[in-house]
Amino acid sequence: MAVYKRGYRRYTGPLTGRWTRFLVLPRYAWRRLYQQRLVLLLTILAFVWPLLCTGFIYLTNHVELLQGLDKEFLQFIQVDGRFFSIFMYVQAGFAVFLAALAGPGLIAPDLANNALPLYFSRPLTRWTYALARLTVLAGMLSIVTWVPGLFLFGLQVGLAGGSWFRANWTLGAGMIAGFFIWLLILSLVAMASSAYVRWRVVAAAVSLAFFFILGGIAEMIDNVLRVTWGHIIDPAWTVNRVWCTLLGVAAPRGPGAGASAVALVVMVVLLVVVIERKLRPVEVVS
Amino acid sequence: MTVQAERANAVSEPRERSEPAQRRASERVGGSGGAQPPGVIFDEVSKFYGEVLGVNRVTLNIPPGITSLVGPNGSGKTTLMNLMTGLIHPDNGQILMRGISPRDPEALMRITGYATQYDTAPRWATGFTFITTGLLLFGYGRVEAEEKAWKALEHLSLTEAANRKVAAYSKGMRQRVRLAQAIAHDPELLVLDEPLNGLDPLVRAETIALFRTWASEGKHVILSSHVLQEVDLISDQVVLIANGMIIAEGTIRAVREEIQDHPSQYLVRCRDASDVASRLFSEDHITEIRLNDDRMGLLVMTRDREQFARALGRIALDGHRIDGVVSADENVDALYEYLIGGE
């Protein structure tokens, strides 16, 4: 056996920030996502509605352009909670389809390639890996949800002035909080389906089915049992119920905002557990 | 007595006896005069996957150098490697990797390079991007990461293919890029699962030379391999594992010396093989002799290597010409056969 000498020196140079290091993964992922034509096309389409809303805000703040129109119509075009809730519904729809398109590529390829040991043999924990994957989707969906929402809110504040902001700042905060909840649910659903289903198309279908099937079951429960609490298992409905409270608009009949929030927390916990079970560095024999 | 219990009894002996060999190895390690680098230490480590045994009560102290984990499929080699790299944690016992617990991945992964046996590189990535991304995750700045990635690719002769997609690599190139990502951050502890699979003879020789260089720098190179001749060629020591239990560990010679059940085999090359055979047969420790067809050599089996050496010396002094003596079973192949294959 050779006589060994310590001929190496450990690295002592500077390192990048420990808490921002995981952003390496999203950076590469975003680049690849926007190389997909369908993702790019859907993202561009998702800006059409915010553009129309921009025009709407401009018009409502320039009444001179609307002279001669019906008074009832003039009362209808207001930038209020209802306006932001409609904006959010449309953008949330785009977000669902974008998540279904982009989500399957998040974890499934790493599982298929047995790449998790590779990630975890870096200074990267399971949770930072999960956070990195969540950031990929949340970041991409942000571009079509709260970012244009914030732009619209800012535009309205700019045109209507400080008094409007003081009276309506809760709309902006509510909109951002509402979108964050939606993005969290969407991202976790997409990650969970990506972790369990390796075929992209099937994973995308599972992502969409999660919302449609739970919505359908909720409707069935309500209609068969003649109740309204069945909506509690419908993630889209519960998120909408929380939005209504955040934006101060009329809520649909059914469980209250508190119950809906609790249901969403339970959903998030369940999804995290589902993902945690799959994100193992090695295949575990059972 | 169950087969497992028999095996446990059978294997406990070589392990206990291998301690002097370990000590000798440690003494040699400390022989450089400098501080002895801390080893890879497993202390009574057990890992179960539910009711399935991964590894059971593993106690090891691996000094720096090239160590090969040898055992049949499902014996627990990869489990040992995963335990070393902190990808799984033991149910019992403690592990220290050069003084660092695998439960501290931030510290452990700075000094550890791990190459799995799988094609883990994403298909969209080029060899260069793949390695650079890994280094960025280690926390290196972009410029430094790119420099280190390039250096690693140079080590593995992959610079020409650096900007090609990994998906277009041959099997051997994918193996090399796996190795490159493991060494890119200049770790002092390399854990390599089947690192020589798929490499052509030239690259294989270069890679083995690279392992030797790292080992000579005092690094740990721990690898698993099914190719026993290769293990023989490159390993400073071996760890034989079967059914999740350590069968033997130490240098090949030390382990072989401790296997008393099987006589040692020597090939003796000599002119007058018949005479030499008759002289050797008078010795008590000789159990069997087989003459070569050409009558120019013999295969001798002895229970006592030292007595055999002395007897051969006496025969040579009496005027018999001995052209050469080679051990026929001081190799991993034989150890495997004796300790694992024969059961």
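Trainee: Which residue stands opposite B:Phe42 in strand 4 of chain B?

Mentor: That residue is B:Ile95; bear in mind as we go on that everything here is read from a predicted model.

Trainee: How many bridges join strand 1 of chain B to strand 4 of chain B, and do they run parallel or antiparallel?

Mentor: Strand 1 of chain B, residues 40–49, is joined to strand 4 of chain B by five bridges, and the two run antiparallel.

Trainee: What is the strand order in that sheet?

Mentor: It is an open sheet of three strands from chain B, in the order 2-1-4, with antiparallel pairing. Strand 2 (52–62) and strand 4 (92–97) of chain B each have a single partner strand and stand at the edges, so one side of each has no neighbour in the sheet. From one strand to the next, the twist averages 20 degrees.

Trainee: Which helix lies across those strands?

Mentor: Helix 2 of chain B, residues 77–84, lies across strand 1, strand 2 and strand 4 of chain B, and it runs at about 115 degrees to strand 1 of chain B.

Trainee: What about the other open sheet in chain B, the one with four strands, what order does it have?

Mentor: The order there is 11-12-10-13 in chain B, again with antiparallel pairing. Strand 11 (286–291) and strand 13 (322–327) of chain B are the edge strands, each with a single partner strand, so one side of each is left without a neighbour in the sheet. Ignoring direction, neighbouring strands of this sheet are turned by 20 degrees against each other on average.

Trainee: Which residue stands opposite B:Ile289?

Mentor: B:Val300 in strand 12 of chain B stands opposite B:Ile289, and five bridges join strand 11 of chain B to strand 12, residues 297–302, in the antiparallel sense. Helix 10 of chain B (residues 273–281) packs on this sheet, where it touches strand 10 (264–270), strand 11 and strand 12 of chain B, and its direction makes about 170 degrees with that of strand 11 of chain B.

Trainee: Changing topic, is strand 3 of chain B buried or exposed?

Mentor: Six of the six residues of strand 3 of chain B (residues 65–70) are buried, so this strand is largely enclosed by the rest of the structure. Strand 3 of chain B runs parallel to strand 7 (residues 220–224) of chain B, joined by five bridges, and B:Leu69 stands opposite B:Ser224 in that strand 7 of chain B. Strand 3 of chain B also pairs in the parallel sense with strand 8 (residues 237–242) of chain B over four bridges, with B:Gln237 in strand 8 as the bridge partner of B:Thr67.

Trainee: And how much of chain B as a whole is buried?

Mentor: Of the 343 residues in chain B, 47% are buried, and the chain has 12 helices and 13 strands.

Trainee: Over to cores, then: how many residues has the largest nonpolar core?

Mentor: It has 152 residues, and those with the most contacts inside it are A:Ala99, A:Leu186, B:Ala180, B:Leu240 and B:Leu335. Helix 10 of chain A gives the most to this core, with 13 residues. Apart from it lies another core, of 11 residues, including B:Val268, B:Leu280, B:Val300 and B:Ile315.

Trainee: What does A:Ala99 touch?

Mentor: Leaving aside residues up to four places away in sequence, A:Ala99 touches A:Leu137, A:Leu141, A:Leu186, A:Ser187, A:Ala190 and A:Ser207. A:Ala99 is also one of the residues of helix 5 of chain A that meet helix 11 of chain A, where the partners include A:Ser207 and A:Phe211.

Trainee: Which residues are buried in helix 8 of chain A?

Mentor: Among them are A:Tyr129, A:Arg133, A:Leu137 and A:Leu141, and the buried residues of this helix pack against helix 1 (24–33), helix 5 (81–102), helix 7 (116–120), helix 10 (162–196) and helix 13 (257–278) of chain A.

Trainee: Why does A:Ala138 count as partly exposed?

Mentor: A:Ala138 has 19 C-beta neighbours inside 10 Å, so it counts as partly exposed, given that buried requires 20 or more. A:Ala138 still touches A:Leu183 and A:Ser187, not counting residues up to four places away in sequence, and its C-alpha lies 5.8 Å from that of A:Leu183, although the two are 45 residues apart in sequence.

Definitions and conventions: Residues are numbered from 1 along each chain as its sequence is written. Chains are lettered from A and ligands numbered from 1 in the order in which they are written. This is a predicted model: local features need pLDDT of at least 70, side-chain atom pairs count only at pLDDT 80 or more; totals for chains, interfaces and linings use all residues. Two strands pair if DSSP finds at least two bridges between them. Axes are lines fitted to C-alpha atoms, for helices over the stretch in contact, and angles run from 0 to 180 degrees between N-to-C directions. Two residues are in contact if their C-beta atoms, placed from the backbone, lie within 7 Å. A residue is buried if 20 or more other C-beta atoms lie within 10 Å of its own, exposed if 12 or fewer, and partly exposed in between; C-beta atoms are placed from the backbone. A nonpolar core is a set of buried Ala, Val, Leu, Ile, Met, Phe, Trp, Tyr and Cys residues joined through C-beta atoms within 7 Å.
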